[in-house]
Amino acid sequence: MTTKKSVEMAANAPAPGSRLTSIDAYRGFVMLLMMGEVLSFEHVSKALPGNAFWSFLNFNQSHVEWAGCSLHDLIQPSFSFLVGVALPFSIAARTAKGDSFGKLLRHALIRSVVLIALGIFLRSMWANQTYFTFEDTLSQIGLGYTFLFLLGFCKQRTQLIALGVILVGYWAAFAFYPLPGPGFDYASAGVTADWGGNFKGFAAHWNKNTNLAWAVDKWFLNLFPREHYFNFNNGGYSTLSFIPTLGTMIIGLMAGNMLRSGMAPFALVRCFAMIGAGLLVLSAALHFGGVAPVVKRIWTPGWVIFSGGCCFLLLAVFYGLTDARHKRRGLFLAVIGTNSIAAYVLADGFGAFLSKTLYIHLGPHYDQLFGDAYSTLVKGAIMLTIDWLVLYWLYRKKIFIKV
């Protein structure tokens with residue numbers, strides 16, 4: 001039986017193949033944060049010690065050492081979350097064109113392989129041989145993408161169950177992995193027993209380079225040809241993080257389903273905001289209770305919940321400012337967001353080349369226009385402008401690089 005509410009929801013639902021400005025703007029915002037690393041607020045902050053403004057910007061352009069979060073730490077989870085958000089739209093668009101499930105699955109498998117390979121390629125640039133590492137954002141998404149695709153055809157109840165299994169299972173695997181014994185060689189893991197980032201008590205199961213993910217990488221990464229034997233990752237990052245990253249993508253998948261549900265726009269904004277706030281409260285309780293710490297570098301279940309809350313809040317903001325008001329604002333960000341792979345490669349793969357080129361053609365001291373303290377701002381602003389103009393040209397020509 002058709003009801004008035006079902007008719008309204010059908011009217012609000014986006015058409016297959018349509019793009020939401022909010023998704024492109026949010027993705028563009030995330031990529032701009034990553035591309036903005038060339039501004040190097042750290043250099044400015046060090047040149048102007050005691051300046052609270054630049055110290056604040058520097059903190060939010062850096063990754064926290066272990067527990068906690070900065071704005072920069074939200075780049076990777078947002079990118080992963082948005083992969084999940086976009087999937088229902090992609091499936092609907094391809095299905096509307098007549099693509100079979102088999103064809104869609106082949107595309108998902110190919111996309112997974114290409115993302116993993118692209119991550120390895122970018123990490124291998126300027127290396128003497130292929131650098132097999134899988135903690136890169138693209139590789140992490142690639143490792144879980146096919147599983148996400150399959151879940152995209154499941155009911156929301158199944159998606160929730162899958163998310164629960166990932167979070168609880170990953171938490172339990174770390175919790176049951178034995179803590180270092182009295183004779184443990186911390187130097188071999190690149191840490192010290194009294195490192196300030198270490199947790200005490202039960203939470204110590206999630207300490208840097210003494211956890212399950214570190215142990216798995218000591219076995220797994222040494223199966224590949226390497227310049228040096230792998231003992232530890234300096235930042236504590238791990239391959240196994242792709243499993244909880246899949247959890248982040250599932251959270252995004254459910255958000256994407258909500259966007260396609262036809263719910264009234266501002267009711268959707270309120271729903272996103274409530275879910276986001278609820279996840280933040282839950283993650284705080286788990287973290288400060290010592291049950292599930294919030295650590296981005298090993299993508300703890302606590303981090304999945306915390307970052308998921310942040311992503312829902314950011315989506316509420318971008319959706320509320322654009323699609324909910326039927327406004328196509330944010331062209332500056334959308335230019336980046338519609339070509340995120342190109343933006344990623346420009347920033348991560350060609351940044352050093354562009355920097356060197358500017359010194360060749362503009363002179364070795366062009367960035368000293370306002371003194372050495374602000375040199376990275378001058379150089380970075382020029383690099384960002386060039387990158388954006390390249391992306392804008394692609395946008396105007398309707399050239400969108402997809403995987």
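This is a predicted model: local features need pLDDT of at least 70, side-chain atom pairs count only at pLDDT 80 or more; totals for chains, interfaces and linings use all residues.
Local features are given only at pLDDT of at least 70 and side-chain atom pairs only at pLDDT 80 or more, while totals for chains, interfaces and linings use all residues. Residues are numbered from 1 along each chain as its sequence is written, and side-chain values use heavy atoms, with hydrogens and water left out.

**Figure 1. Overview of the helical fold.** The protein has 16 helices and 0 strands. Helices (H or I, at least four residues) and strands (E, at least two) are DSSP runs, numbered from the N terminus. The radius of gyration is 22 Å, close to the 22 Å that the globule rule gives for 403 residues, so the protein is as compact as a globular protein of that length. That radius is taken over C-alpha atoms, and the globule rule is 2.2 Å times the number of residues to the power 0.38. Along the principal axes, the C-alpha atoms fill a box of roughly 70 × 55 × 45 Å. Of the 403 residues, 49% are buried. Buried means under 20% relative accessible area, exposed over 50%, and partly exposed in between (1.4 Å probe, protein chains only). Among contacts between residues at least 6 apart in sequence, 77% join residues at least 24 apart; a contact means heavy atoms within 4.5 Å. The protein exposes about 19300 Å², and carbon and sulfur atoms supply 66% of it. Accessible areas come from the Shrake-Rupley method with a 1.4 Å probe; for residues, only the protein chains shown count as cover.

Figure 2. Asp24 pairs with Arg27, the closest N and O atoms being 3.3 Å apart. A salt bridge is a side-chain nitrogen of Lys or Arg within 4 Å of a carboxyl oxygen of Asp or Glu. By this rule, the count comes to 5 salt bridges. Asp24 and Arg27 are 3 residues apart in helix H2 (residues 21–35), so about one helical turn separates them. Asp24 is buried, at 6% relative accessible area. Arg27 is buried too, at 11%.

**Figure 3. The network of Arg94, Asp99 and Lys103.** Salt bridges link these three residues in a network. Within it, the side chains of Lys103 and Asp99 meet at 3.6 Å, N to O. Lys103 is partly exposed, with 43% relative accessibility. Asp99 is buried, with 17%.

Figure 4. Asp136 forms a salt bridge with Arg123, with the closest N and O atoms 2.8 Å apart. Arg123 lies in helix H6 (101–124) and Asp136 in the loop between helix H6 and helix H7 (137–151), so the pair ties together parts that are 13 residues apart in sequence. Asp136 is buried, with a relative accessible area of 1%. Arg123 is partly exposed, at 31%.

Figure 5. Most residues other than glycine have a negative phi. Trp299 has a positive phi near 50°. Trp299 sits in the loop between helix H11 (265–288) and helix H12 (301–321). Its relative accessibility is 2%, and it counts as buried. Lys398 also is not a glycine, and its phi is positive, about 60°. Lys398 belongs to the segment after helix H16 (375–396). Lys398 is exposed, with a relative accessible area of 69%.
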